[in-house]
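Please work through each task before reading its solution.

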Amino acid sequence: MSDVVRVLGQRFIAAVPILLVVSMLLFAVLRMIPVDPLALSVPPNATIEEIDKIRHDMGFDRPIAVQYVVWLQNTVHLDFGRSIQHRDSVAGLIAETLPATIELALFAIVIASALGLAGGLYLFHLRGRPGEVVADLASTAIMSLPEFLWGLLFILLFGVALDWLPFIGRLSPAFSRPVHSGFLLIDALIDRRFDIFFDALKHMILPAFALGLSFSPPIMRVLRSSLHDVYAEDYIQQARLRGIGEWRILVRHATKNAILPTLTLMGVQFSFLFGGTLLIEVIYSYPGMGNLMVEAVRNADLPVTQAVGLVYCIAVLFINAVVDAIYLVLNPKLRRR
C-alpha cells in the first residue's frame, strides 16, 4: 500500500508543472483568437464608455501576463470566473455538467474493457485457424472508424431505423431529474426511481458503445500479442506437463501476466476516451462537459473554455496516475523491497 501511495504522490507532484504549462498555453492561445469576447456582453446600443467599463470589470484591459496571474490565483481557489454567455458561475456550470461526462466515460470504459479483453482472448483462441484472419480484419475495420462515425451509424440504425433506443439528451422529457450528487444514475437509486435509472441507462447505451467500440480493438491486439509472448515461457509448458487444462492455463496463468502491458495501453486509451466524449456529447445532445466546451468555443466564452480545458487535462493526468497505481499492485517486481 505504501508503494501505491508513493507512486500516486509522485504523479500528483509531477502533475503540478504540467498543469502550469497547459494553463499558460491554453490562456495564451485563446487570447490569440481574433474574436472579441465582449461582443456577447454588451448591448448593441452600448456607448464607448460602457464598453470600456465592461472591459475593465472583466480585466481585459490589463496586460496578458497580469490577466493570467489573476486567473491562476482565482483558479487555485476554484474560482473560474463567470461565463460570458450564460452569465453564471463557471464552477457551477462545470459542477453541473462534469458528472454527466464522468458517467458516460465510465460506462464507455467498462464497455471498451469488456470488448477489448474478451476480443483479445478470442483472437488468441483462433490462432492458427482460418477464422483468425477474418477476426483480425474485423478488428481492423472497427479500429478504422472513429468514435463520432460510430455514433452517427448507431443513431441511424438503432435510433432511427429500428427505433430501439433514444439518442437525444440524458433523460426523457417525461421524467424530472433528481438532484443529489449530480450523477443521474446514483441519484435515481437514492430516490428509488428505477424507472428514471433505466431510462437514463438507455440514453447512455448508444454514446457509450460508440466510444467503447472504437477504443477496444487496440486492447484486443495488445492482449493477443502479449499472450503469444507469455505462451513461449517455460512455465506454460510446465503447467501442461502437470496436466492443467488449456482453458485454466489461459485464464489463471497466461492472462495474469499478459494483462500488464495491456493495462498500460488501456490507461492511454482511457485518457483518449475521456477526451473523445466531446464530439459524442455534441452528436447525441448529451448535456455533459464536452457539449459545454463546444458551445463555449462557438460563442468565444473564454472563462468556460479555459476552465473546461483545464479540467480535461486534470482528468487525463488523474486517469494515468490511477493506472500506474493499478499496474504497481498487479506487478510485484516494481515494488520496493
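In what follows, Ala, Val, Leu, Ile, Met, Phe, Trp, Tyr, Cys and Pro count as nonpolar, Asp, Glu, Lys and Arg as charged, and the others, Gly among them, as polar. The model is predicted, with local features needing pLDDT of at least 70 and side-chain atom pairs pLDDT 80 or more, while totals for chains, interfaces and linings use all residues. Residues are numbered from 1 along each chain as its sequence is written, and side-chain values use heavy atoms, without hydrogens and water.

**Exercise 1.** Determine which residues line the second largest pocket and how they divide by class.

*Solution.* Step 1: a pocket is an open set of points on a 1 Å grid where a 1.4 Å probe fits, with protein on both sides within 12 Å along at least five of seven lines; lining residues have an atom within 4 Å of a point. Step 3: its lining consists of 17 residues, and T75, L78, F80, L310 and I314 lie nearest the centre. Step 4: two or more lining residues come from each of α1 (2–32), α3 (64–76), α4 (90–125) and α13 (302–330); helices are DSSP runs (H or I, at least four residues), numbered from the N terminus. Step 5: α4 gives the largest share, five residues. Step 6: the lining divides into 15 nonpolar, two polar and no charged residues.

**Exercise 2.** Describe how α6 packs against α8.

*Solution.* Step 1: axes are lines fitted to C-alpha atoms over the stretch in contact, and angles run from 0 to 180 degrees between N-to-C directions. Step 2: helix α6 (residues 147–161) and helix α8 (residues 194–215) pack at about 135°, with axes 8 Å apart. Step 3: angles under 35 degrees count as roughly parallel, over 145 as roughly antiparallel, 65 to 115 as roughly perpendicular and the rest as oblique. Step 4: α6 and α8 are therefore oblique to each other. Step 5: in α6, the residues in contact (heavy atoms within 4.5 Å) with α8 include W150, F154 and F158. Step 6: this contact of α6 with α8 has nine nonpolar, three polar and one charged residues.

**Exercise 3.** Classify the packing of α11 and α12.

*Solution.* Step 1: the axes of helix α11 (residues 246–283) and helix α12 (residues 289–298) are 7 Å apart, at an angle of about 70°. Step 2: α11 and α12 are therefore roughly perpendicular to each other. Step 3: F274, L278, E281 and V282 of α11 meet M289, G290, N291, M293 and V294 of α12. Step 4: the contact of α11 with α12 comprises six nonpolar, two polar and one charged residues.
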